[in-house]
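Dear colleague,

Please look through the model first and then read the notes beside it.

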Amino acid sequence: MYRVSVPVFVRGLRVLSSLLEKASAHAQEHSIPSEVLINARLAPNMLPLSAQVQRASDTSKLAIERLTGIPSPHFADKETTFVELEERIASTITYLESVDTALLNESETRTVTLSFGEFKPSFKGDDYLLTFAIPNFFFHVTTAHDILRHNGVAIGKRDYLGPYTPPQA
């Protein structure tokens with residue numbers, strides 16, 4: 001459970017951070033106010049870039065909280081700059097990396113019940129992680145990538161995949 005959660009979330013968040021760095025540089029280079037990109041969205045009824053970053057952060061930290069019972073940090077969702085979004089990602093990574101591996105390795109049978117209005121599914125820990133949390137996390141990372149690319153930031157698949165370092169044996 002640890003291996004398919006924390007390292008996956010941390011890697012995705014680092015990729016997201018790198019995308020934000022490229023977006024900030026793009027905004028400066030082209031004299032685009034950063035809030036234009038931070039508030040950009042793919043469709044009027046979709047969340048903006050800032051919210052995509054916030055949801056990726058929330059999905060990863062709440063997944064680990066739900067699987068371990070270790071409270072995650074609460075963020076007020078008030079980030080309006082690239083620096084603030086990067087700080088949120090860094091704080092999320094710090095929390096994820098602080099969780100004891102053993103607690104996650106015992107979480108596959110833990111019951112996780114979500115409550116989003118009338119949507120209240122219950123999962124076994126491994127099903128929650130693999131069929132809900134990870135797909136939801138990558139939805140938001142992908143959407144952030146797509147918002148930036150749609151707005152002219154020079155990023156592509158390699159940026160989304162990020163640097164690859166083979167796992168240590």
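Helices here are DSSP runs of H or I with at least four residues, and strands are runs of E with at least two, both numbered from the N terminus. This is a predicted model, in which local features need pLDDT of at least 70 and side-chain atom pairs count only at pLDDT 80 or more, while totals for chains, interfaces and linings use all residues. Residues are numbered from 1 along each chain as its sequence is written, and side-chain values use heavy atoms, with hydrogens and water left out.

I begin with Ser60, which lies in helix H3. Ser60 has 0% relative accessibility and therefore counts as buried (under 20% relative accessible area, with exposed being over 50% and partly exposed in between, for a 1.4 Å probe and protein chains only). Not counting residues up to four places away in sequence, Ser60 touches Phe9, Leu13, Thr92, Leu96 and Phe137, where contact means heavy atoms within 4.5 Å.

Next comes the packing of H3 against helix H4. The axes of H3 (residues 49-68) and H4 (residues 82-98) come within 10 Å and cross at roughly 10 degrees; axes are lines fitted to C-alpha atoms, for helices over the stretch in contact, and angles run from 0 to 180 degrees between N-to-C directions. H3 and H4 are therefore roughly parallel to each other (angles under 35 degrees count as roughly parallel, over 145 as roughly antiparallel, 65 to 115 as roughly perpendicular and the rest as oblique). Among the residues that meet in this contact are Ser60 and Ile64 from H3, and Thr92 and Leu96 from H4.

With helix H6 (residues 125-150), the axis of H3 crosses at roughly 165 degrees, the two coming within 8 Å, and H3 and H6 are therefore roughly antiparallel to each other.

Leaving aside neighbours within four places in sequence, Leu49 is in contact with Leu20, Leu37, Ile38, Ala40, Phe82, Ala144, Ile147 and Leu148.
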